[in-house]
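Please examine the model shown below.

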Amino acid sequence: MMSVIYLILGIGAIICAYRAMVTQRLLSSILFLACVSALVSVVLFLLGAQQVAVVELSVGAGLVTVLLVYALSVVGDDARDQISVISKPVALGLVALDLLLAGVLVFPLVEPSLNVSSFSLAVVLWQQRVLDVWIQIALIFSGVMGVLGLLSENAGVGAKKDEVHL
Amino acid sequence: MISPLNIVLVMIISLLGIGLYGLLITRNLIKMVLVLQILVKSAMIALVLAGKVSGNLGTGQSLAVTVIVADTVMAVVALALAVQVRRYFGTLDVPEISTLRG
């Protein structure tokens, strides 16, 4: 029964990811990406990673989707069918080779060991991997600063124009 | 019948392939951010799956949360850059931008 549920979720995620990649309209692609995030969060929940599933659902399917739609509303949807720089057969061959190597390395997956660690996410994150927390704080801070700098309304351009007038 | 964890593994490899292929053939900056999100999702499930298989689900979850934060910050900064690129160059086409001199 669980295999059927995983199969449905997996096929749904793969189809949505494929549609997100091939769809020409960016808004449709973004909505397909949100569907992938939602299905991935369900898979994470079933794997036992409930906290990560919640974070993925709120951040992946919520925040990132809103950000992408906002960026799209600013720049506009450019729905031209562009020819890729790398020809599609070459790209397909490279990806097939990569996946073949990955498949040879990881299949078949061994079953989970029985000596499951009793540490919860909170214990691991706040006691064993404190460095990760500091890295996350630094990343968020640098991300906010970067966005503030990048989206500041052309301060540099205005200053340059004033210099030219002088 | 194939076990649930092997199904998840097939899903991870398929998402990885779709993300890589999309990254190779796409030319739009926003679409690149989008396919990178698909790639990172496959890596995130792989971390959780590895944690579950090895018996350290907490460590896998911790790394997955770090990946989510890094991925979101990357998306935010990349989208801000894309907005600025569109504003200055008038296009989001990567080969076109690389031939421009600003």
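Axes here are lines fitted to C-alpha atoms, for helices over the stretch in contact, and angles run from 0 to 180 degrees between N-to-C directions. This is a predicted model, in which local features need pLDDT of at least 70 and side-chain atom pairs count only at pLDDT 80 or more, while totals for chains, interfaces and linings use all residues. Residues are numbered from 1 along each chain as its sequence is written, and chains are lettered from A and ligands numbered from 1 in the order in which they are written. Helices (H or I, at least four residues) and strands (E, at least two) are DSSP runs, numbered from the N terminus.

Helix H5 (residues 121–128) of chain A and H3(B) have axes that come within 8 Å and cross at roughly 70°. H5(A) is therefore roughly perpendicular to H3(B), a term for angles of 65 to 115 degrees; those under 35 count as roughly parallel, those over 145 as roughly antiparallel and the rest as oblique. On the H5(A) side, the contact is made by Leu121(A), Val123(A), Val124(A) and Leu125(A); H3(B) contributes Gly58(B), Thr59(B), Gln61(B), Ser62(B) and Val65(B). Two residues are in contact if their C-beta atoms, placed from the backbone, lie within 7 Å. By class, this contact has 5 nonpolar, 4 polar and no charged residues. Ala, Val, Leu, Ile, Met, Phe, Trp, Tyr, Cys and Pro count as nonpolar, Asp, Glu, Lys and Arg as charged, and the others, Gly among them, as polar.

Chain A has 7 helices and 0 strands. Within this chain, the axes of helix H2 (residues 26–47) and helix H3 (residues 50–75) come within 8 Å and cross at roughly 175°, which means that H2(A) is roughly antiparallel to H3(A). Their contact has 16 nonpolar, 5 polar and 1 charged residues. Among the residues that meet are Leu26(A), Ile30(A) and Phe45(A) in H2(A), and Gln50(A), Glu56(A) and Leu72(A) in H3(A).

Between the chains, 65 residues of chain B are in contact with 76 residues of chain A. Helices H1 (4–25), H2 (29–54) and H3 (57–89) of chain B each supply at least two residues of the side that touches chain A, and H3(B) gives the most, with 23 residues. That side of chain B has 42 nonpolar, 17 polar and 6 charged residues. After H2(B) comes Gly55(B), whose phi is positive, near 85°.
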